[in-house]
Amino acid sequence: MLPGKGITVMKTRVISVCTALLFLLVPLCVFAKDVISDPVIGSDEVMHLGHYDSVTNTHTTETVTVSELKAQNEAVKVQRGLSDRDILAGHNPMTGNAVSMGGGLEPQSLIGDYTQSRVNVGSYPYSAVLLIWASVDKNEDGVVDTWITGSGFMVGSKVMVTAAHNFFYTCNDGRIVPITECRIYPNQASAAISADRDDYYHPKSWTYSTVYTESGNVEHDWIVVTLFSALGDTNGFLAVRDPASSLSGVTATVSGYPAETPSKRYFQYKSTGPLKSYTTKRLFYLMDTEKGNSGGPIFILGNQVIGIHTRGSASQNSGTRIFDGLYSIIENRNLAA
């Protein structure tokens, strides 16, 4: 078996809001307004990060600015003779070709409505979208209470991005508790998932915002995961679009694994439509989604990912935009993988 494939169970608690001393104290961020605004270039945001390594069973936190992250990445790239395109361009395994990471983009025409349609998981880019199945111990008594489903997507050979709430579960009483195990299924296209299946992969380490685990702030609902296995080499990975590039007039696709409709469960579906609005850290749209789609990619022409689907409502759906700091973290994890 490949390392990390159906052999490692994360029995150790990763983190809990109840153990506040493990966290840096950070202010609650102001929620973004639902208005169109391109990112502020040159801003130097302070990021409060948590890191967990399942091999050494260690958890650390750090406070770092985006400019510091960029400087770290640039030093490694210079040392290795790499460019942004070497790190953040996508990979189509069907053709062996690199996928553009962004630049100029012409608005697309929308044909049809926003309903979900099933996709072929053996075809890129959908082969790069993964099913996440995670166990939760709501009472934190050592017994698994439930399994939840979510989605994720590859952005590198070993690097997956998903929603933080797929790794940190919000209980009815408001507590945010870590999942106890994460199972990752590529090319999932059947109506059966059970606890005794062994054809899954485990994460090796992950980086997230402690602002989310302390407050549940939707602007920080993201997590960057390093896998044991290079699923991106065989399944492909999406290009990460430069957050400095405008999204005005573009059409986007949301893809993932809906779980509310029984007939859709454990199959991958997509929905395509225009962005309704966006801010520096949030995307808003009308494309259909369900619970289970959370963590799936929001991508545009050229299979360039621009965000992570995280929320649904009766009026509009929304996701975390790939903002400057997250873009730098994805690059950093790819350089370290």
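Q: What volume does the largest pocket have?
A: Rolling a probe the size of a water molecule over the atoms shows where empty space is left. On a 1 Å grid over the protein atoms alone, a pocket is an open set of points with protein on both sides within 12 Å along at least five of seven lines, while a cavity is a set where a 1.4 Å probe fits but cannot get out. A volume is the space filled by probe spheres set on the points, which are joined across faces, edges and corners. In this predicted model, the largest pocket comes to about 580 Å³.

Q: Which residues are the closest to the centre of the largest pocket?
A: Lining residues have an atom within 4 Å of a point. There are 21 here, and His165, Lys291, Gly292, Ser294 and Thr310 are the closest to the centre. Strand 7 (146–154), strand 9 (168–170) and strand 18 (304–311) each give two or more residues to this lining; strands are DSSP runs of E, at least two residues, numbered from the N terminus.

Q: How many cavities of 30 Å³ or more does the structure hold?
A: The structure holds one. The largest cavity has a volume of about 40 Å³, and its lining includes Arg241, Asp242, Leu247 and Arg321.

Q: What share of the protein chain is buried?
A: Buried means under 20% relative accessible area, with a 1.4 Å probe and protein chains only. Of the 337 residues in the protein chain, 54% are buried.

Q: Which conventions apply to the numbering and the atoms?
A: Residues are numbered from 1 along each chain as its sequence is written, and side-chain values use heavy atoms, without hydrogens and water. Local features need pLDDT of at least 70 and side-chain atom pairs 80 or more, whereas totals for chains, interfaces and linings use all residues.

How values were computed. Helix = DSSP H or I, 4+ residues; strand = E, 2+ residues; numbered from the N terminus. Buried < 20%, exposed > 50% of the residue type's maximum accessible area, 1.4 Å probe, protein only.
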